[in-house]
Amino acid sequence: MNHYLKKCLLCMLLLAPLTATADTGPTVIVIKASKFLFQPAKIELKKGQTVILEFTSSDRMHGFSLPDFAVRADIEPGNPLRVSFTPDKAGSFVFRCDIFCGDGHEEMAGEIIVRDGG
Ligand SMILES: [Cu+2]
């Protein structure tokens, strides 16, 4: 019996974080890519707070590159892609399209501002 209780307790401990995530879940931030911009182009996050970045493209293949956090994604039309992201440092960080998409490609960029949670 004691052994069974221990097992139960272990199960609860292991499952607790999963159920917590399912209940509230991290905030989903939808980032729309199109020639030649990201919407929103400015994203504010809190340090240490996990968010889900959901990428969609309305026209063609784009890339998302946030080198300061080693986040990158291929954004295909009709195929939304979700990436979990937890900023671990505060500051202002540039992200840009890293797949050539036409004349305005070089200007296709945005900014992530990470604030200290306090
Ligand atoms: Cu591009």
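## The overall layout

The secondary structure of this protein comes to 1 helix and 9 strands. Keep in mind as you explore that this is a predicted model.

The protein has 118 residues, and 17% of them count as buried. Now look at the contacts between residues with a separation of 6 or more: 63% of these involve residues 24 or more positions apart.

Strand 1 and strand 2 run antiparallel and are joined by 3 bridges. To find one example in the model, look for Lys32, whose bridge partner in strand 2 is Gln39. Strand 1 also holds Ile29. Is Ile29 buried or partly exposed? It is partly exposed, because 16 other C-beta atoms lie within 10 Å, and the cut-off for a buried residue is 20 or more. Apart from residues up to four places away in sequence, Ile29 touches Ile43, Val51, Ile52, Leu53 and Glu54. Val83 is 54 residues from Ile29 along the chain, and their C-alpha atoms are separated by 10.0 Å.

In soluble globular proteins, nonpolar side chains tend to be buried together. Here, the largest nonpolar core has 15 residues, and the ones with the most contacts inside it are Ile31, Ala33, Phe55, Phe64 and Ile112. Strand 1 (27–34), strand 4, strand 5 (62–66) and strand 9 are the elements that give two or more residues to this core.

Beyond its neighbours within four places in sequence, Ile112 is in contact with Ile43, Leu45, Leu66, Phe93 and Phe95.

## A hairpin and its turn

Strand 5 is mostly covered, with 4 of its 5 residues buried. It runs antiparallel to strand 6 (residues 71–75), and 5 bridges join the two. Gly63, for instance, has Asp74 as its bridge partner in strand 6. Together, strand 5 and strand 6 form a hairpin with 4 residues between them.

Ala70 is worth a stop in the loop between these two strands, strand 5 and strand 6. Its phi is near 50 degrees, a positive value in a residue other than glycine. Ala70 counts as exposed because it has 7 C-beta neighbours inside 10 Å, and the cut-off for exposed is 12 or fewer.

## Two cis peptide bonds

Most residues other than glycine have a negative phi, and most peptide bonds are trans. Where can you find cis bonds in this model? Phe36 lies in the loop between strand 1 and strand 2. Another cis bond runs from Gln39 to Pro40, also with omega near -5 degrees. Pro40 belongs to the loop between strand 2 and strand 3.

Finally, here is a pair to look up in the model. Lys47 sits in the loop between strand 3 (42–46) and strand 4 (51–57), while Val114 is in strand 9 (residues 109–115). How many residues apart are Lys47 and Val114 along the chain? The answer is 67, and yet their C-alpha atoms are separated by 5.7 Å. Val114 also has Glu44 at 5.9 Å, C-alpha to C-alpha, although these two are 70 residues apart in sequence.

Lys47 counts as partly exposed because it has 15 C-beta neighbours inside 10 Å. Val114 counts as buried because it has 21 such neighbours inside 10 Å. Setting aside neighbours within four places in sequence, Lys47 is in contact with several residues, among them Pro87, Asp88, Val114 and Arg115. Val114, with residues up to four places away not counted, touches Leu45, Lys47, Pro87, Lys89, Ala90, Gly91 and Phe93.

Definitions and conventions: Residues numbered from 1 in each chain as written. Predicted model: local features only at pLDDT ≥ 70, side-chain atom pairs only at ≥ 80, totals over all residues. Contact = placed C-beta atoms within 7 Å. Core = buried A, V, L, I, M, F, W, Y, C linked by C-beta atoms within 7 Å. Pairing = 2+ DSSP bridges.
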